[in-house]
Amino acid sequence: MIRRLIDKVFARKTRPRPAGLGVAAMRYQRAQHQIERSELSDAAIRCCEQLQKAGHKAFIVGGAVRDLLLGRHPKDFDVATDATPEQVRSLFRRSRIIGRRFRLVHVMFGQETIEVSTFRSAHVASSDEESANTDEHGRLLRDNVYGTQADDAIRRDFTMNALFYDPSAEEIWDFTNGFKDIQKKRVVIIGDPEARYREDPVRMLRAARLAGKLGFSIDAETERPIAALKSLLANVPEARLFDEMLKLLLSGHALACIEKLRGLGLHAPLLPSIEEVLGAPRSRAFATLALQRTDERINDDRGVSPAFLFAALFWFPMCERAKELEARGERPLTALHRAMDEVLDEQRKSLAIPRRFDGNIKELWVAQSRFTQQSRAKAFRLLTHPRFRACYDFYALRAEAGDASPEVAAWWEKFQFADDGVREAMLLPDSGPKKRRRRRKKTAAPTGGVPPAADAEPES
Ligand code: ATP
Ligand code: MG
């Protein structure tokens, strides 16, 4: 009895990774899963049906099945099959094989593309082969071996992502207990958690993102090794890390995801300054608002710019740095430029924000002081800035968070949409002496915490 109890507890603790071969699937019928065929993409149904007609197995897999069970509209539909990429290619006229390491087929149906992958295995091999497949930390370097449907289930990351839906039979196949975990709203990693994070440390980030996005809790066993293993993220190629972070920030639930990252202690290695930003009330209010607005825009299908979000997340650290440099005697404009470079370089050490975003981030930062230092001519010049709207939105967001003047934001809101007559009336005429005085005035560094003069209109 006691032995059985110990075995049970031990088995629960380690959740040994099942071998694909011989793992039986639970099957759930329509009455249990209640997925409506009308919720599926026609392209995914046609793709599965055509593969099945040719004698192959074909299922909708991964995030789409999870989202359908949760009553959410899937972002995209992926299909998994036992057909090889060549066999898939030969069945669909409008298709092409992509990828070198693991080949997938993109099948086009009108505007929609379905990604079709052949069942593959995580390739648990002999110890020699195993070490050739992993780096010195256990990170999986190759997972490009075909396998059975069960192999394909257990090589996936979380149980909720390992379900197969057959649209013809309207049946779900579940090899990992994902169906029940979705009902219980919990993120459970497949197999031994530590080994799975070592194979691919990005799974730690995915746990935070999916928990934040879906409002799930992270299973205790799934969470436990993360604290000790988070440093492994440093071995992940920078571009992949950045892509995952971007997915997280643009998930429509960025705020919840960042809170999950903090809960897991993963924010510090990825966004080192975020702790400082979220720790102080003013910067926290601004960053939170920026993340909220981003979430709203994504959920309304409006575009968002990663540069805008990064500019918002690092605005306060940048202003602080500029102030420090000014206090050490740097001229305001030099201080601003040095602070921008330093903050972005600092961030690049961990997250590696690609340099292509730098221009847009800096543009938003530099433009901020122009909203309060206006002559008549400067007001019109600012309006013609190619990214005026983004710069203005940034200023308005600062105003909303108490970091800039709401009156100035309101003035610009009116000015940008006003006709010529109204604009002229809004501006006091330029005058010579004032202009001369302004030229002698020092350019102010961004305030970042010190609200600009609350004059309702830019100076003329
Ligand atoms: P989203 O809805 O945000 O796209 P997703 O679960 O579909 O979430 P994808 O990145 O599109 O995420 O991945 C598709 C599927 O591939 C996942 O559902 C999962 O089964 C598998 N997968 C993705 N990343 C990993 C990984 N790092 N390790 C194992 N399996 C993974
Ligand atoms: Mg997906």
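Mentor: Let's begin with aspartate 301, which counts as exposed because its relative accessibility is 73%. The cut-offs are these: buried is under 20% relative accessible area, exposed is over 50%, and partly exposed lies in between, with a 1.4 Å probe and protein chains only. Before we go on, note that this is a predicted model, in which local features need pLDDT of at least 70, side-chain atom pairs count only at pLDDT 80 or more, and totals for chains, interfaces and linings use all residues. Residues are numbered from 1 along each chain as its sequence is written, chains are lettered from A and ligands numbered from 1 in the order in which they are written, and side-chain values use heavy atoms, with hydrogens and water left out.

Trainee: Where is aspartate 301 placed in the chain?

Mentor: Aspartate 301 sits in the loop between helix H17 (281-299) and helix H18 (306-313). Helices (H or I, at least four residues) and strands (E, at least two) are DSSP runs, numbered from the N terminus. Check the backbone too: phi of aspartate 301 is near 60°, a positive value in a residue other than glycine. Glutamine 34 also has a positive phi, near 55°. Its loop runs between helix H2 (30-33) and helix H3 (42-53), and glutamine 34 counts as exposed because its relative accessible area is 58%.

Trainee: How many helices and strands are in the protein chain?

Mentor: The protein chain has 26 helices and 12 strands. Of its 460 residues, 50% count as buried. Its accessible surface is about 22000 Å², and carbon and sulfur atoms hold 52% of that. Such areas come from the Shrake-Rupley method with a 1.4 Å probe; for residues, only the protein chains shown count as cover. For contacts, meaning heavy atoms within 4.5 Å, consider those with a separation of 6 or more: residues 24 or more positions apart account for 70% of them.

Trainee: Is threonine 81 buried or exposed?

Mentor: Threonine 81 is buried because its relative accessible area is 0%. It belongs to strand E3 (residues 78-81). Leaving aside residues up to four places away in sequence, threonine 81 touches Leu51, His56, Lys57, Ala58, Val88, Val116, Ser117, Thr118 and Phe119. A polar atom of the threonine 81 side chain also lies 3.0 Å from the backbone nitrogen of alanine 83. That is a polar contact: a pair of N or O atoms within 3.5 Å, where within protein one must be able to donate a hydrogen and the other to accept it, and residues adjacent in sequence count only if both atoms are side-chain atoms.

Trainee: How many salt bridges does the structure hold?

Mentor: A salt bridge is a side-chain nitrogen of Lys or Arg within 4 Å of a carboxyl oxygen of Asp or Glu, and the structure holds 35. One joins arginine 155 to aspartate 152, with the closest N and O atoms 3.2 Å apart; both residues are buried. In another, arginine 186 pairs with aspartate 181 at 2.9 Å between the closest N and O atoms. Aspartate 181 counts as buried because its relative accessibility is 0%.

Trainee: Which residue forms a salt bridge with glutamate 275?

Mentor: Arginine 262 does, and the closest N and O atoms are 3.1 Å apart. The pair links distant parts of the chain, 13 residues apart: glutamate 275 in helix H16 (residues 274-279) and arginine 262 in helix H14 (residues 254-264). Glutamate 275 is partly exposed at 36%, and arginine 262 is partly exposed at 24%. Elsewhere, look for a network of salt bridges linking Arg321, Glu324, Glu330, Arg338 and Glu342.

Trainee: Which residues come nearest to ligand 1?

Mentor: Of the 15 residues around ligand 1, the nearest are Arg66, Asp200, Arg203, Arg209 and Lys247; a residue is near a molecule or strand if one of its heavy atoms lies within 4 Å of it. A side-chain N or O atom of arginine 203 is 2.8 Å from a nitrogen atom of ligand 1. A polar side-chain atom of lysine 247 lies 2.8 Å from an oxygen atom of ligand 1, and a backbone N or O atom of glycine 63 lies 3.3 Å from a ligand oxygen. On its own, ligand 1 has 590 Å² of accessible area, and the protein covers 84% of that.

Trainee: Which elements give two or more residues to the shell around ligand 1?

Mentor: They are helix H4 (63-69), helix H10 (202-214) and helix H13 (238-249). H10 gives the largest share, 4 residues. By class, the shell has no nonpolar, 3 polar and 12 charged residues. Here Ala, Val, Leu, Ile, Met, Phe, Trp, Tyr, Cys and Pro count as nonpolar, Asp, Glu, Lys and Arg as charged, and the others, Gly among them, as polar.
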